[in-house]
Amino acid sequence: MRNWDDVRVFLAVARARGLTGAAPVLRMDPATVSRRVARFEAALGAALFLKSPQGYQLTDTGQRVLAEAEAAEGPLLRAIEQGEASGPGLSGQVRIGAPDGCANYLLPQVCAALQKQHPALELQILALPRVVNLSQREADMAITVSRPEAGRLMVQKVVDYQLHLAMRQGGPMPQTLGDLTGRPVVGYIPDMIFDRELDYLGTLAADGVQLASNSVAVQLQMLRAGQGVGIVHDFALPFAPELRRVLTEAVSLTRSFYLVRHAADRSSERLGRIADALVGGLRAEVLRLEQEVVLTEGGGVVDP
């Protein structure tokens, strides 16, 4: 195909169905993406998109070019990655999408350790309060809290993790759920819960959520700042020493993380090695942080 860089821009716009969605993937501004699409159309002598307020829709010619471009994309990327994998370590750029609990409290440590081991590797963490769209190539791989049910995807369970009620220490701690009456509830904005596995407040939110955010990190800061109670990931508690788990026998939740990759990347040795390293690192980090919480509450000594 002509200039592969123009084809790459075309593929991003076709998958995102517009300039705005394609721009972050390409690391360009929308105006530059628009100019590149126009240049590619001029070179081909045909319109590839029908442009409307609803987005960019492929023309018949665009559909044919998309089929050819995707057929060429796989072998080219595999050839590039085989060259990268032949060196002594991993290299290149990899973007990992994740919900913000994982992105804030687990992935930074895991990615830092992986990059230290492979200095030529460039790791990007895309923290989003929604499911990452791999089909539009928003990321190379994603961490999810539910196993995807559709799409051409590879799915691997990473690890189970625990969640409990938590609140700021100070004063008498509740002995029953009834003792929580009158305390503000901290949790997700109800209509912005993007995965059923995150809808875990149950009857605790019967009277509403008084302090809400679509971000786990913001919820944690709300709990640190006030007298509210909410569900917290155990692995996040070492980052909030003012908080303590309460009523652990009454409310104890288990959820899971999954690593999701596009099926077309199955043959990529490089991405496979990175995925294995991420899975191993996440498992170890969840175990370490959850053990730290248990030792701290039990008065044990935690290794630095």
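This is a predicted model: local features need pLDDT of at least 70, side-chain atom pairs count only at pLDDT 80 or more; totals for chains, interfaces and linings use all residues.
Reader: How many aromatic pairs does a search of the whole structure find?

Author: Eight of them.

Reader: Take Phe-10 and Phe-40. Why is the pair called tilted?

Author: Start with the distance: the ring centres are 5.9 Å apart, and a pair needs centres within 6.5 Å. Then the angle: the planes sit at 55 degrees. Stacked would need under 30 degrees and edge-to-face over 60, so tilted is what remains for Phe-10 and Phe-40.

Reader: What makes Phe-10 and Phe-40 a tie between separate parts of the sequence?

Author: Phe-10 belongs to helix H1 (residues 4–16), while Phe-40 belongs to helix H3 (residues 30–44). The two parts are 30 residues apart in sequence, so the pair ties them together.

Reader: Where do Tyr-105 and Phe-239 lie in the chain?

Author: Tyr-105 is in helix H5 (residues 100–105), and Phe-239 is in the loop between strand S9 (229–233) and strand S10 (243–245). They are 134 residues apart, and the pair links distant parts of the chain.

Reader: How do you know whether Tyr-105 is buried or exposed, and what about Phe-239?

Author: Tyr-105 has 7% relative accessibility, so with a cut-off of under 20% it is buried. Phe-239 has 35%. Exposed would take over 50%, so Phe-239 is partly exposed.

Reader: Which residues form one aromatic cluster?

Author: Phe-10, Phe-40, Phe-49 and Tyr-56 do.

Reader: On to charges. How many salt bridges does the structure hold?

Author: It holds 13.

Reader: Why is the contact of Arg-36 and Asp-5 called a salt bridge?

Author: A side-chain nitrogen of Arg has to be within 4 Å of a carboxyl oxygen of Asp. For Arg-36 and Asp-5 the N to O distance is 2.6 Å, so the contact qualifies. Arg-36 lies in helix H3 and Asp-5 in helix H1, so this bridge ties together parts 31 residues apart in sequence. Arg-36, at 13% relative accessibility, counts as buried, whereas Asp-5, at 29%, counts as partly exposed.

Reader: How do you know that Asp-6 and Arg-39 form a salt bridge?

Author: Their closest N and O atoms are 2.7 Å apart, and the limit is 4 Å. Asp-6 is in helix H1 and Arg-39 in helix H3, so the pair ties together parts 33 residues apart in sequence. Asp-6 is buried at 7%, and Arg-39 is partly exposed at 43%.

Reader: Which residues are linked in a network of salt bridges?

Author: Asp-5, Asp-6, Arg-8, Arg-36 and Arg-39.

Reader: And what makes Asp-234 and Arg-245 a salt bridge?

Author: The N to O distance is 2.9 Å, and the limit is 4 Å, so the pair counts. Asp-234 counts as buried at 3%, and Arg-245 counts as buried at 15%.

Terms used
Residues are numbered from 1 along each chain as its sequence is written. Side-chain values use heavy atoms; hydrogens and water are left out. Rings of Phe, Tyr and Trp (its six-membered ring) pair if their centres lie within 6.5 Å; planes under 30 degrees apart count as stacked, over 60 as edge-to-face and the rest as tilted. Helices (H or I, at least four residues) and strands (E, at least two) are DSSP runs, numbered from the N terminus. Buried means under 20% relative accessible area, exposed over 50%, partly exposed in between (1.4 Å probe, protein chains only).
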